[in-house]
Amino acid sequence: MSVFGKLFGGGGKGGKGPSPQDAIQKLRDTEEMLAKKQDFLEKKIDQELMTAKKNGTKNKRAALQALKRKKRYENQLTQIDGTLSTIEFQREALENANTNTEVLKNMGFAAKAMKAAHENMDLDKVDDLMQDITEQQELAQEISDAISKPVGFGEEFDEDELLAELDELEQEELDKNLLEIGGTEDAHLPNVPSTSLPSRPAKEDEDKDDMDDLQRWAMAAM
């Protein structure tokens, strides 16, 4: 059994291969496991580095052993980084392939549905039906136009003659108004009274009366 067969849990030659969803999930589980391994190695590297520093001057042999272990952990961490990159690339490719498969499946389903919808349709019958619809719409429009058209019952009038007649009526009304105004100007005014008004006393008579009154007052004073 191949490494990928063991990883994905596949069977022998006659076994059924894993589904894309199962493979993607297993790759994600593997990524999670390797990420935890990375955290563990980083902590071990820090511990070995502290041990080497602690024993650097007191116990060189212990310090060297700590540095050797630190180096192995760093190599393992580098390998895991490469493995994670490979698995991530494989998972993304598998996810894209699965997406494309689903898209194609849905497009095929839609194509079958469209074919089934058009199965009982005849293009010639559709053309005939659309032509009938167009003819009926034109007929309905003609009927609407005929109904909405004013009916004269055979009588036709010349619009110019009607306008000329209207002008004559307006002129007659204007002439009538002018005649009424002229008749008012010729009407008789009230007669002037024939009796004369009383005449006003002359100024000389008034002066004479004033003189007589003055003389009588003078004589009474003596």
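How many residues apart are lysine 36 and glutamate 32 in helix α2? They are four residues apart, about one turn of the helix. The legends below describe a predicted model, and this pair is taken up again in the fourth view.

**View 1. Overall fold of the predicted model.** The protein contains six helices and zero strands. Read along the sequence, the pattern is α-α-α-α-α-α. The protein has 222 residues, and 11% of them count as buried. Helix α4 spans residues 123–148. By the rule applied here, the salt bridges number seven; three of them are described in the next views.

**View 2. Salt bridge between glutamate 95 and arginine 28.** The side chains of these two residues meet in a salt bridge, with an N to O distance of 2.7 Å.

**View 3. Salt bridge between glutamate 31 and arginine 91.** Here the side chains of glutamate 31 and arginine 91 form a salt bridge of 2.5 Å, N to O. Because glutamate 31 lies in helix α2 and arginine 91 in helix α3, the pair ties together parts that are 60 residues apart in sequence. Glutamate 31 and arginine 91 are both buried.

View 4. Lysine 36 forms a salt bridge with glutamate 32, and the closest N and O atoms are 4.0 Å apart. Both residues lie in helix α2. Lysine 36 has a relative accessible area of 55% and is therefore exposed, while glutamate 32, with 46%, is partly exposed. Salt bridges that share partners join Arg28, Glu31, Arg91 and Glu95 into one network.

**View 5. Polar contact between aspartate 81 and glutamine 38.** The side chains of aspartate 81 and glutamine 38 are joined by a polar contact of 2.2 Å. Aspartate 81 is found in helix α3, and glutamine 38 is placed in helix α2. Why does glutamine 38 count as buried? Its relative accessibility is 15%, and buried means under 20%. Aspartate 81, at 37% relative accessibility, counts as partly exposed. Aspartate 81 can also be located relative to leucine 34: the two residues are 47 residues apart in sequence, and their C-alpha atoms are 8.6 Å apart in space.

**View 6. Patch of negative charge on the surface.** Which residues gather in this patch of negative charge? They are Asp122, Asp124, Asp127, Asp128, Asp132, Glu135, Glu138, Glu142 and Asp145. One of them, aspartate 127, has its place in helix α4. Aspartate 127 counts as partly exposed because its relative accessibility is 44%, which falls between the limits of 20% and 50%.

View 7. Is leucine 123 buried or exposed? Leucine 123 counts as exposed, because its relative accessibility is 61% and the cut-off for exposed is over 50%.

Notes
Residues are numbered from 1 along each chain as its sequence is written. This is a predicted model: local features need pLDDT of at least 70, side-chain atom pairs count only at pLDDT 80 or more; totals for chains, interfaces and linings use all residues. Side-chain values use heavy atoms; hydrogens and water are left out. Patches are made of residues with over 30% relative accessible area and no salt bridge: like charges are joined within 9 Å, nonpolar side chains (Val, Leu, Ile, Met, Phe, Trp, Tyr) within 5 Å. Accessible areas come from the Shrake-Rupley method with a 1.4 Å probe; for residues, only the protein chains shown count as cover. Lys and Arg count as positive and Asp and Glu as negative; His and the chain ends are not counted. The place of a charge is taken as NZ of Lys, CZ of Arg, CG of Asp or CD of Glu. Helices (H or I, at least four residues) and strands (E, at least two) are DSSP runs, numbered from the N terminus. Buried means under 20% relative accessible area, exposed over 50%, partly exposed in between (1.4 Å probe, protein chains only). A polar contact is a pair of N or O atoms within 3.5 Å; within protein, one must be able to donate a hydrogen and the other to accept it, and residues adjacent in sequence count only if both atoms are side-chain atoms.
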